[in-house]
Amino acid sequence: MQTRSKLKNFYTFYAFLSNIEPKNVNEVLANSYWVTAIQEELHQFERNKVWDLVPQPEDRSIIGIKWVFRNKLDELGTVTRNKARLVVQGYNQEQGIDYEETFAPIARIETIRILIAFAAHMEIKIYQMDVKSTFLNIYFKEKVYVMQPPGFESKEYSNHVFKLDKALYGLKQAPRERLSNFLLENSFRRGKVDNTLFLKSKGEHLLIVQVYVDDIIFGATHNDLCNEFSKMMRSEFEMNMMGELNFFLGLQVK
C-alpha cells in the first residue's frame, strides 16, 4: 500500500526486492534476494518444528517437494514482497496410506465479492493481514516422508529424508484446522456456506474474517474490534499487518 510516509522510504525498501519470479532453483541461487526468501521459509520450519531429518525408510514412499516463487504486488503492480513456499507434490499421496481425509482451504471468490460489497454498503473498512509463517503447520497422525528441499540438501546426510511432524502446503491433510480451531475457541462462528468465512458478534457490532490460503481480510462495524482481532492474531501467529485493503486476488478496492 503506497502512502506519502511510505513513499519517502520507497527506494530504500525497493532495493531489497527482486522483480523477477525465478523459474527454478538454479535461478534462485544466483539471486541473493530470493535466497533470503527461501532461508526465511526454512527458518520458520525450524522454529515451528515442522520436520526431522531421518534415514530413508525402506517400507515407505518418499514424496517429492518443490519450491514455488511468487512476487506479491500492490495495486500499482509494484513488488512488495518476494515469497518462497515449499510445496509437497500431494498428487503422489495414496489414500489410506499417506492420508485419510482431504479438505479445501480455498475461499470461494463469490464470498469475497459479497464481503467487499457488504463492506461498501455498511461503510466498513477492510484490512489485510499476510501470514509470515504458514498457519497450515498442524499436527497429523499419518507418517509422511518427503525429499530434502531442492538446492538445499544436506551434504553430510544426502541420503536422508524429512519425516513430517506437521503439515505443509500441498498435502491432502486438513491444512486449515489450526487457524479454524483458534478462531472457534475465541468465540467466532464459521460460515454455513463457505467454511473459510468467520463471524463474531459483540453487542450490536459485527466482525467479519475471510481466510484465503495465507492471506486474511477482515472488517468490523466498529474499529476497536479490528484492533482487537489484529492483536489477537499476532499473539498466536507470525503475521504482517498490511493496512487497509486495496488490492486482493486481482480485485482493486477503493
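The largest nonpolar core of this structure holds 24 residues, and Trp-51, Trp-67, Val-146 and Leu-164 make the most contacts inside it. The model is a predicted one.

**Nonpolar cores**

**Helix α7**

- Helix α7 spans residues 223–236, which is 14 residues.
- From first C-alpha to last, α7 reaches 21 Å, close to the 20 Å expected at 1.5 Å a residue.
- The buried residues of α7 are Leu-225, Cys-226, Phe-229, Ser-230, Met-232 and Met-233.
- These residues lie on the same side of α7 because they cover an arc of only 165° around the axis.
- Lys-231 and Ser-235 are exposed on the other side of α7.

- The model contains three cavities of 30 Å³ or more.
- The second largest cavity has a volume of about 40 Å³.
- Its lining consists of Leu-115, Phe-118, Ala-119, Ile-124, Ile-126, Ile-208, Phe-218 and Gly-219.
- Sorted by class, the lining of the second largest cavity comprises seven nonpolar residues, one polar residue and no charged residues.

- Arg-85 is part of strand β4.
- Arg-85 counts as buried because its relative accessibility is 9%, and buried means under 20%.
- The C-alpha atoms of Arg-85 and Glu-41 are 6.7 Å apart in space, although the two residues are 44 residues apart in sequence.
- Ala-167 is located in the loop between β7 and α6.
- With a relative accessibility of 1%, Ala-167 counts as buried.
- Ala-167 and Val-88 are 79 residues apart along the chain, and their C-alpha atoms are separated by 9.4 Å.

**Loop residues with positive phi**

- Glu-123 has a phi near 55°, a positive value in a residue other than glycine.
- The loop between α5 and β5 (126–131) contains Glu-123.
- Glu-123 counts as exposed because its relative accessibility is 75%, and exposed means over 50%.
- Ser-187 likewise has a positive phi, near 70°, and is a residue other than glycine.
- Ser-187 belongs to the loop between α6 (177–185) and β8 (189–190).
- The relative accessible area of Ser-187 is 56%, so Ser-187 is exposed.

Technical notes. Residues numbered from 1 in each chain as written. Predicted model: local features only at pLDDT ≥ 70, side-chain atom pairs only at ≥ 80, totals over all residues. Heavy atoms only, no water. 1 Å grid on protein atoms, 1.4 Å probe; cavity = no way out; pocket = protein on both sides within 12 Å on 5 of 7 lines; lining within 4 Å. Points joined across faces, edges and corners; volume = space filled by probe spheres on them. Nonpolar A, V, L, I, M, F, W, Y, C, P; charged D, E, K, R; others polar. Helix = DSSP H or I, 4+ residues; strand = E, 2+ residues; numbered from the N terminus. Expected span 1.5 Å × (residues − 1). Buried < 20%, exposed > 50% of the residue type's maximum accessible area, 1.4 Å probe, protein only. Arc of directions from axis to C-beta. Core = buried A, V, L, I, M, F, W, Y, C linked by side-chain atoms within 4.5 Å.
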